[in-house]
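Open the model in your viewer and keep the selection panel at hand. Each stop below says what to select and what is there.

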Amino acid sequence: MALFNSKRGTIVGFMATPLFHIIFAVFVFVGLMFFIGGIKEKIIHEKRFLATDLALLADTVLSVKDNLDLIYYPARKTDKYHFDGNVSFSFKSNKVEVFTERPDDPHRGIYLFAPRKDMQFSEKAFKFDKSLIIPRFSKIGNAISIVNAGEEKKAFNVHKLTCPETKISFSRIVIDAGHGYKESDGDSVAGSDAGYVFNPNKVSVESESMLVNNLASHLPEDLSKELQFTRNVRFNDQGVISRDARIVNAQNADLVVSLHIGNHPKDFPLKIFYPYNSEESYNFACQMANSLSDKMISNNIHLTGVSLVPFNPDLILDFDEVHKNNPLQVVVQGKSGVLVELGSIVQFKALFDNLHIYANAVEEVLRNVKK
Amino acid sequence: MLKNKKGTVSEEAIFQLIYMSVLTIPVVALMFFIPGMVLDNVYDTQNLENEIYQLRILNAITSVSFLSQKQSPIIIDTNQFQEERINQSFDEKIFKKEIGFLIHLPALEEKTLYFNKEFYEIAKPLTPVRYLNFVSTYKVYLSDKKQSSDLVIDQVFNPRVVLDDD
């Protein structure tokens, strides 16, 4: 204390008083900050943070090119920065607002996002009495939406493709209930076996041939009458109709649709092959992919992916040793054509039990394009 | 208060006032700025927002891959390198942020696109004081020219966003 004392005591008067005031002010300030911080955590911070986070998500949804189905899980109750769920959201044309009581809450959290001209969120407000809301964003093509995941359980078809808008129609459509060949049977006549066999040790013939025949025979009779087939799908003509005969039956078709089952150990994809230089084939392949994926998703069939695979028809038409067993030999006989490879033979039961669903999807597209 | 018994301001009182001011002003300034610094740091999107906008532009000007039928992030057909595509990606009528872009292919001097050109040209010289700048460079392949190039996206924006604009 000697430092602060002169003989007249003026140093104390000069320094100690303002220092005391300042130190006191700092203590008050720190205490006030903690107090305000506590209120802020509960009132403003949470709402502004949520608004920022959701606006960034809206920006992302509006920026990605592909489809998405995104569920926004907020932090859990046990996390340090959880939100207690007593908040409502409002998505407007260019901003997200988060509020607790009224939409005009002066302490609401607001954050802007960047709207697009070619796709926009429809304005939507979620006012929840419940303890928790889970916003769910979806973008399928140019259609975007925000729903409450707690209420909207419907699966969105994220595999949906954006197809050409050109209208296509075909007069002579040939359906080929096709199949691959067993590579082990090197001597067998091409096209005369049953294709991929799921389990050769089983007595029942769980074969690709059986599945595609059944699939084609599920098409309604009135439609079937207007179509042509490379083989009789109403009975098992395995070994009777060779691939050569199927090729002949497919010749000069306006459209050939060859149905096949894939062989994938774990996945259940949909692949459609089309000649790269045929816009009509691509258009049809796209429509077929969308119809099949729509039906599969809406019936809770676990689809792991959709691909449209272009091939070079000139290479396939070179009927040499390499391509003699290629199933695409039938497809290239038509002016347009696609080869549909559906799911995986490994999941035979999933395929067999749902043949009516796949047939329904194929029927829908065929009716749409039949002249 | 600043007068002694003689009614004049003493030197001691003036020194005291200056001394108090020197100590008090920083404290008061901190009281104003610290809360803003703490809170703004929490809400700072750390350029995530800017990167999203730039990827949106990249998606708008790149082409669909022939093999996958998906948008390829690296292939650009220079015939489709058009401002219209970018204008579709942002609706400036309801977009409340002050933001402008210059999109440039250095390999092709004549190929420069703008979004909100007027704002960009005013704001660019005022960076980084009044406005901020965020620049990204991507490696792209120009499919019709059969050559690779850099793609530069230069973004100028106003960091002070008016949130409540009703």
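Select A:Asp244 and A:Val248: both are exposed and sit on the face of α4(A) turned away from its buried side. Exposed means over 50% relative accessible area, buried under 20%, and partly exposed in between (1.4 Å probe, protein chains only). Helices (H or I, at least four residues) and strands (E, at least two) are DSSP runs, numbered from the N terminus.

This is a predicted model: local features need pLDDT of at least 70, side-chain atom pairs count only at pLDDT 80 or more, and totals for chains, interfaces and linings use all residues. Residues are numbered from 1 along each chain as its sequence is written, chains are lettered from A and ligands numbered from 1 in the order in which they are written, and side-chain values use heavy atoms, with hydrogens and water left out.

Which residues of helix α4 (residues 243–250) of chain A are buried? They are A:Arg243, A:Arg246, A:Ile247 and A:Ala250. These residues lie on the same side of α4(A) because they cover an arc of only 105° around the axis. The arc is taken from the directions from the helix axis to the C-beta atoms.

Show what covers them. The cover of the buried residues of α4(A) includes β8 (173–177), β10 and α7 (328–331) of chain A. Contact here means heavy atoms within 4.5 Å. Then step past the helix: A:Asn252 follows α4(A) and has a positive phi, near 65°.

Next, select β13(A). Of its 7 residues, 7 are buried. Both faces are covered. A:Ser336, A:Val338, A:Val340 and A:Leu342 are on one side, with A:Gly337, A:Leu339 and A:Glu341 on the other.

Two strands pair if DSSP finds at least two bridges between them. β10(A) runs parallel to β13(A), with 7 bridges. Pick A:Val256 to find its bridge partner in β13(A), A:Gly337. Strand β11 (residues 269–275) of chain A is antiparallel to β13(A), and 4 bridges join them. There, A:Leu270 has A:Leu342 as its bridge partner.

Switch to cavities. A cavity is a set of points on a 1 Å grid over the protein atoms alone where a 1.4 Å probe fits but cannot get out; lining residues have an atom within 4 Å of a point. Grid points are joined across faces, edges and corners, and a volume is the space filled by probe spheres set on the points. How many cavities of 30 Å³ or more are there? The count is 2.

Select its lining: A:Leu215, A:Leu259, A:His260, A:Leu292, A:Val340, A:Leu342, A:Tyr358 and A:Val362. β10 (255–261), β13 (336–342) and α9 (355–369) of chain A each give two or more residues to this lining. By class, the lining has 7 nonpolar residues, 1 polar and no charged. Ala, Val, Leu, Ile, Met, Phe, Trp, Tyr, Cys and Pro count as nonpolar, Asp, Glu, Lys and Arg as charged, and the others, Gly among them, as polar.

Move to the largest cavity, which holds about 40 Å³ of space. Its lining includes A:Leu62, A:Lys92, A:Phe113, A:Arg116 and A:Phe121. The classes here are 5 nonpolar, 2 polar and 2 charged residues.

Last stop: A:Phe348, in helix α8 (residues 348–353) of chain A. A:Phe348 counts as buried because its relative accessible area is 8%.

Definitions and conventions: On a 1 Å grid over the protein atoms alone, a cavity is a set of points where a 1.4 Å probe fits but cannot get out, and a pocket is an open set with protein on both sides within 12 Å along at least five of seven lines; lining residues have an atom within 4 Å of a point.
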